[in-house]
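Subject: Structure for you to look through

Dear colleague,

Please take your time with it before going on to the notes.

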Amino acid sequence: MSKIMTMRGFLAWSIGARSIAAPSVGVACAAALALPLLSPPAAAASAAPARTAEAGVPGGTRSLPLVPLSRERVLGTAPEQGLYRPDGEHFSLLGVVWEDPDAELRGRVQVRTRSARTREWSGWRDVETHDAGHGADPGTAERDARRVRGATAPLWVGDSDGVDVRVRAAGGGVRRGRTVEPTPPLPSGLHLELVDPGEEAPPGDAPADPSPTGLDPDAAGAASAVNTDLADFGALEIPALGTRATERELARLQGPVGGKPYIGPRPRIVTRRGWGADESLREPGFVYTKKVKAAFVHHTDSGNTYTCAQAPSVIRGIYRYHVTSMGWRDIGYNFLVDKCGTIYEGRAGGVAKAVRGAHILGFNSDSMGIAVIGSYGAVKPSGAAVRAVARLTAWKLGLYGADPRGKTYLTSGGGNLYPKGKKVRLNVISGHRDGSATECPGKRLYAELGKVRSSAARYQGR
């Protein structure tokens, strides 16, 4: 039985029930870093009460304010904030957020966590702080919402019940031309976000109605309805099609195409219902752009310790982090791909439609974002993941007549690399770093994009 079919019981539970739990998985230990393993009691004692988000729904988020460390610990060093919670928490994904979404965290964030299964502490791990190239475009309602915050990348740590975090501002200064300016202080309002993505229920019979009482029936129904031109209402997945069937579907959706249609066969896509999205978290409705001229490839930079069976949990965690912790209207990516090559629907609005994401600051219009789950700066992505990105781009770009090997122009909406209004010539399949000042999608995944372009063109029959 397929992985999606075994999730039917979870879906019956996740749509109709309200409980808080987390998957039972281990934590992979990283190599020990320079920071001390013991934390000052003051950090735990002075932590303010946490605010709990969305109580009573599957999963949850704890937001804990960070506190200054003792004077003895920081005398003669860069400022530090931190938090030590040795027990009592329940989470599988974490990150650090702050008040101003335009502020940068210049420094280092490191965490260690305690496994809920083994009760052992991990080594110290770095959390990626340079996440400013993501987000909605400036001037949009999503970007200007008062709840939007700055944030690190999320980090998947597995089922954990204790946490120790250190945020240290960079020492020295920032060079601006011939001058060196003092390093800015840490952003104000630093909070540690502990995300419980919820737990899959035992297999059982899924309800005929994907939106019974318990969660917002309108939101759940709408998220399924926008895909009914490709699959049944409430489907857990959109099945793969062969080349001929995809061409016939293209003609049905858009009318007869003159000459040969250059489109890759539709790949199998797990729907939001399939990975257990709680539709009551996101903003209602959908936001669209005119077309899809380009695809930007990302990595989630959330670590590589997850298993493929845990991928839906990772996605639910990232979804909660983007919406509840960072204040976005929905998950930022249009699609996600796990290390086994499974493709997942991301932002709601319909997998065949031009849904505007929040994946690349300045270039969300007329593009789509595909995130490979994991961190690929030093680790090579799996062949299955690379092939899945090629198959997905061959199909989705084919719906809009785009050649995966071609170039296109996009107009910047204002980002950290190109000013607003600048027309930029980009590859139809680009990496996030091509449009933003970022290392995303990591040098090892970025190096695979040439293969993605040639494979996607071949799938399209070019």
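What follows is a short walk through what was found, and please keep in mind throughout that the model is predicted.

I would begin with the sheet, which is open and has 7 strands in the order 13-14-17-16-18-15-21, with mixed pairing. Strand 13 (237–238) and strand 21 stand at its edges, and each has a single partner strand, so one side of each is left without a neighbour in the sheet. Further in, strand 14 (residues 269–270) and strand 17 (residues 343–345) run parallel and are joined by 2 bridges, and here you can find Ile269 standing opposite Ile343 of strand 17.

Helix 11, for its part, lies across strand 15 and strand 21, and runs at about 165° to strand 21.

How do these two helices meet? Helix 9 (residues 383–399) and helix 11 (residues 449–459) pack with their axes 8 Å apart and at an angle of about 50°, and they are therefore oblique to each other, in a crossing that is right-handed. On the side of helix 9, the residues in this contact are Val386, Arg387, Val389, Ala390, Arg391, Thr393 and Ala394, and they meet Lys451, Val452, Ser455, Ala456 and Tyr459 of helix 11. Sorted by class, the contact of helix 9 with helix 11 has 7 nonpolar, 2 polar and 3 charged residues.

Staying with helix 11, you will find that Leu449, Val452, Arg453, Ser455, Ala456, Ala457 and Tyr459 are buried. The buried residues of this helix pack against helix 9, but also against strand 15 (294–299), strand 20 (423–427), strand 21 (429–431) and helix 10 (443–446). Just after helix 11 comes Gly461, which takes a positive phi of about 85°.

Although Ser160 and Ser115 are 45 residues apart along the chain, their C-alpha atoms are separated by 4.5 Å.

Key: Residues are numbered from 1 along each chain as its sequence is written. This is a predicted model: local features need pLDDT of at least 70, side-chain atom pairs count only at pLDDT 80 or more; totals for chains, interfaces and linings use all residues. Side-chain values use heavy atoms; hydrogens and water are left out. Axes are lines fitted to C-alpha atoms, for helices over the stretch in contact, and angles run from 0 to 180 degrees between N-to-C directions. Helices (H or I, at least four residues) and strands (E, at least two) are DSSP runs, numbered from the N terminus. Angles under 35 degrees count as roughly parallel, over 145 as roughly antiparallel, 65 to 115 as roughly perpendicular and the rest as oblique. A crossing is left-handed if the near helix is turned anticlockwise from the far one by less than a right angle, and right-handed if clockwise. Contact means heavy atoms within 4.5 Å. Ala, Val, Leu, Ile, Met, Phe, Trp, Tyr, Cys and Pro count as nonpolar, Asp, Glu, Lys and Arg as charged, and the others, Gly among them, as polar. Buried means under 20% relative accessible area, exposed over 50%, partly exposed in between (1.4 Å probe, protein chains only). Two strands pair if DSSP finds at least two bridges between them.
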